[in-house]
Amino acid sequence: NNSPYLIVERAYLWELQNQNPKAEALYQEAVNGISVNANMSYAVARAFETKGLIDWAIKSYEKGKEVNPELNIDYQIALLEGQRGNTDVMADKLLDYAFNNQGQTARVQNNLTFFMSNESNSTFSDYLRKSLLIRTQKTPNTYWNQFLSWFFVQNEQYDKAFTQEKAVYKRNGESLQPILTLATLAIEANNSETVEATLNFILENTTDTDLKIKAHYFLMQQKIDNAAEIQYSEIEQELDLLLKQYGIRPTSIMLQILTARFYCFKQNNPVKAINLLEESLKLPMTSLEKGSLKMELAECKLFAEQFDQSILLYAQVETNAKHDELAHEATFKMAKANYFKNDFEWALTQVKVLKQSPSLLIANDAIELYLTINDNTTEDSTQVALKAFSKAEFALFQNKTQDALQQFLTLLEKHKGEEIEDETLFK
């Protein structure tokens with residue numbers, strides 16, 4: 001079988017024996033063999049690439065293109081140029097390939113991200129930025145604005161990404177969803193200026209009620225997270241006005257949950273929060289929305305020290321949201337409620353199951369709670385220190401930070417040198 005890629009294998013054996021002229025002649029023979037079938041270029045180039053013979057791999061693809069100009073090998077050649085160290089050439093070839101094959105944009109961006117994050121200096125990123133800016137200016141196509149927006153997001157330059165997304169919207173006027181997505185990324189990065197700018201832009205440019213509610217939700221969440229206690233009264237008025245504007249309807253559920261959480265955990269008014277959530281539960285909604293509402297209601301009832309009612313709500317969510325991560329979250333919160341109630345044995349039973357949760361975050365929280373209960377029961381069967389620790393943690397859950405701090409300090413005085421000391425110092 002005189003297949004071209006097998007010729008590469010044979011040639012490589014000559015190279016290993018330092019008989020390079022023989023190897024070179026066979027390598028060229030393998031490349032020439034592509035003349036019979038252009039599609040052979042993939043196998044031959046791959047054979048060269050696995051041996052680190054990048055120049056020959058590129059020659060193989062170029063030969064295939066020569067035989068069949070329709071052969072789509074631009075992506076492969078681009079990556080080989082990157083391996084050869086020609087990252088600028090690679091960037092341009094990848095951008096050309098992405099533009100001509102826009103369904104492959106995410107794939108190209110993944111490759112560019114790899115080179116951006118693995119460069120020892122900013123040279124590659126600088127070149128990519130310049131190349132994108134030139135394409136944006138030369139080609140009146142919003143594709144490049146969107147690509148440039150992606151580039152700025154990778155570099156956490158959310159304000160610059162917003163400039164590009166605005167340009168796309170003003171030219172197309174199709175959807176504000178990319179700007180909302182950008183707002184959520186800016187929220188995660190705690191870039192409050194861009195968050196405010198993007199969300200206000202959405203509110204100014206849409207008549208879509210759902211989109212407006214989402215924008216208001218994220219704006220108010222941002223305000224709550226950054227507010228001082230003196231501003232709580234003003235925020236409560238804003239939330240009440242928004243609920244009055246959009247009504248207690250299925251479309252405004254996320255605003256209702258945010259408002260209830262604010263009443264309870266910021267304004268220390270669980271009764272008002274519970275009343276709002278119980279009213280919300282009467283609305284028609286999906287089972288997942290109902291589960292989220294019940295979880296919030298359970299949190300507020302737990303805050304109000306209505307332990308049994310809270311545990312019952314968590315159990316309902318656990319049953320109704322089977323096979324969803326919400327069920328695992330409900331199980332953990334139920335275990336935590338039992339822990340706050342000092343029913344440590346039942347809490348331990350629940351977290352044992354959750355240690356195998358598919359959600360790493362929940363599994364880690366479950367392991368932490370399991371160790372807290374188990375370690376401090378082994379040493380002290382009366383669980384005196386554990387009960388005090390649980391009580392202090394509950395004050396922390398209720399956002400009573402000064403009260404919690406004082407309880408932790410008292411615990412350190414009374415139980416110095418015991419198993420609980422490390423965890424108390426950490427808290």
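User: In which loop does Glu-156 lie?

Analyst: In this predicted model, Glu-156 lies in the loop between helix 9 (142–154) and helix 10 (158–172). Glu-156 has a positive phi of about 60°, although it is not a glycine.

User: Why does Glu-156 count as exposed?

Analyst: The relative accessibility of Glu-156 is 56%. Exposed means over 50%, so Glu-156 counts as exposed.

User: What makes Asn-18 count as exposed, and where is its place?

Analyst: Asn-18 has 67% relative accessibility and the cut-off is over 50%; therefore Asn-18 counts as exposed. Its place is in the loop between helix 1 (4–16) and helix 2 (20–32). Asn-18 also has a positive phi of about 60° although it is not a glycine.

User: How do you know what span is expected of helix 23?

Analyst: Helix 23 (residues 401–414) has 14 residues, and at 1.5 Å a residue 20 Å is expected. From its first C-alpha to its last, helix 23 reaches 20 Å, which is close to that expectation.

User: Which residues of helix 23 are buried, and why are they said to be on the same side?

Analyst: Ala-404, Gln-407, Phe-408, Leu-411 and Leu-412 are buried in helix 23. They cover an arc of only 140° around the axis, which puts them on the same side of the helix. In an α-helix with 3.6 residues a turn, residues three or four places apart point the same way.

User: What covers these buried residues, and what does the face turned away carry?

Analyst: The cover includes helix 22 (384–397) and helix 24 (420–426). The face of helix 23 turned away from its buried side carries the exposed residues Gln-402, Glu-413 and Lys-414.

Notes: Residues numbered from 1 in each chain as written. Predicted model: local features only at pLDDT ≥ 70, side-chain atom pairs only at ≥ 80, totals over all residues. Heavy atoms only, no water. Helix = DSSP H or I, 4+ residues; strand = E, 2+ residues; numbered from the N terminus. Buried < 20%, exposed > 50% of the residue type's maximum accessible area, 1.4 Å probe, protein only. Expected span 1.5 Å × (residues − 1). Arc of directions from axis to C-beta. Contact = heavy atoms within 4.5 Å.
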